[in-house]
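Keep the 3D view open as you read.

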Amino acid sequence: MEVTVSRPDKLLWPEPEVSKQVYVDYLGAVAEDMLPWLRARPLTLVRAPDGVGGERYFQKSAPSYAPSWIRTVEIPAPSAGKDVRYLVCDRSETLAWLGNQAAVEFHPAPVRLDRLDRPDLFVIDVDPPDEAFDAAVEATRLVLEVLSDLGIDAALKTTGGKGLHVVVPIERRYGANELRAAAATLTDLVASRRPDFVTGEFRKAKRAGRVMLDPSRNAPGATVVAPYSPRARAEGTVSFPLVPDDLGRVRPEEFTIRTVPDRLRDPGPAAWRELSNARPQRLPQALRS
């Protein structure tokens, strides 16, 4: 199935001068690495029909004009009082079609279609104050240290913004509320080592310049930006996989739509290829108390 790019010269990101054609080509370049994190998951998009400098909006419902060959799934949405027909991105042609629709961010759910009530990813969102990426790096090292002490292997990626995500593939035996509670417990354990530096406080006024570990990526109905997804930021930055040795050596602005295709041989992408097939882990009792 070939996707024709309409208005291929239209700029979606102005600063790195990324046209729609360049963007669709980018999605083709990362498809093999990106699709394992999208397949069989309900997908929420950020669309920017006039480019990232124009109006942007979240889209959960599949548009009525989506081609019949694109997979969709209807999921009850009690808050909306109806079912929502989500897009599911299982193939590179779907990625290309979504790129042509100016879908500039991809936010899959941490659940798969066969068990919507049981997440298979446990995510810690490391959110530093302002643009203090160095603080995010230091806090992430603390998170990895605590997880290692608990016997848990974790993966890393940039968010495409100022923070980092710590991601743990888990057995599908916990509900979203259990995972959110586990994330809060992990935050307490990390903060106990550096209470002056790490907090779980949502209100910025109460953080006092500390790094927040946000558990909300594990809440019911939550999503998390996919690895290799761009962000709707002027610089065209991308959420990019890392390894712990990258911490302190790289900056999030290094990973853009223009640069990422040449970095797919980096250790981070290689580690995430293994992670996509890794055996899921059971959360220790220390996080489930």
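Which strand gives the most residues to the lining of the largest pocket? The answer is β5, with three residues. Keep in mind that this is a predicted model.

Stay with that pocket. Its volume is about 510 Å³. In total, 24 residues line the largest pocket. Now sort the lining by class. It has 17 nonpolar residues, five polar ones and two charged ones.

Move on to the second largest pocket, which holds about 340 Å³ of space. Its lining has 20 residues. Closest to its centre are D125, T159, G161, H165 and R231. Here β7 (103-108) and β8 (121-127) each give at least two residues to the lining. With three residues, β8 gives the most. What is the make-up of this lining by class? There are six nonpolar, six polar and eight charged residues.

How do we find such spaces at all? Rolling a probe the size of a water molecule over the atoms shows where empty space is left.

Now turn to the nonpolar cores. The largest has 76 residues. Inside this core, F106 and F122 have the most contacts. Helix α3 (residues 133-149) brings the largest share, 10 residues. Another core lies apart from the largest one. This other core has eight residues, among them V123, A155, V167 and W272.

How values were computed:
Residues are numbered from 1 along each chain as its sequence is written. This is a predicted model: local features need pLDDT of at least 70, side-chain atom pairs count only at pLDDT 80 or more; totals for chains, interfaces and linings use all residues. Side-chain values use heavy atoms; hydrogens and water are left out. A nonpolar core is a set of buried Ala, Val, Leu, Ile, Met, Phe, Trp, Tyr and Cys residues joined through side-chain atoms within 4.5 Å. Buried means under 20% relative accessible area, exposed over 50%, partly exposed in between (1.4 Å probe, protein chains only). Helices (H or I, at least four residues) and strands (E, at least two) are DSSP runs, numbered from the N terminus. On a 1 Å grid over the protein atoms alone, a cavity is a set of points where a 1.4 Å probe fits but cannot get out, and a pocket is an open set with protein on both sides within 12 Å along at least five of seven lines; lining residues have an atom within 4 Å of a point. Grid points are joined across faces, edges and corners, and a volume is the space filled by probe spheres set on the points. Ala, Val, Leu, Ile, Met, Phe, Trp, Tyr, Cys and Pro count as nonpolar, Asp, Glu, Lys and Arg as charged, and the others, Gly among them, as polar.
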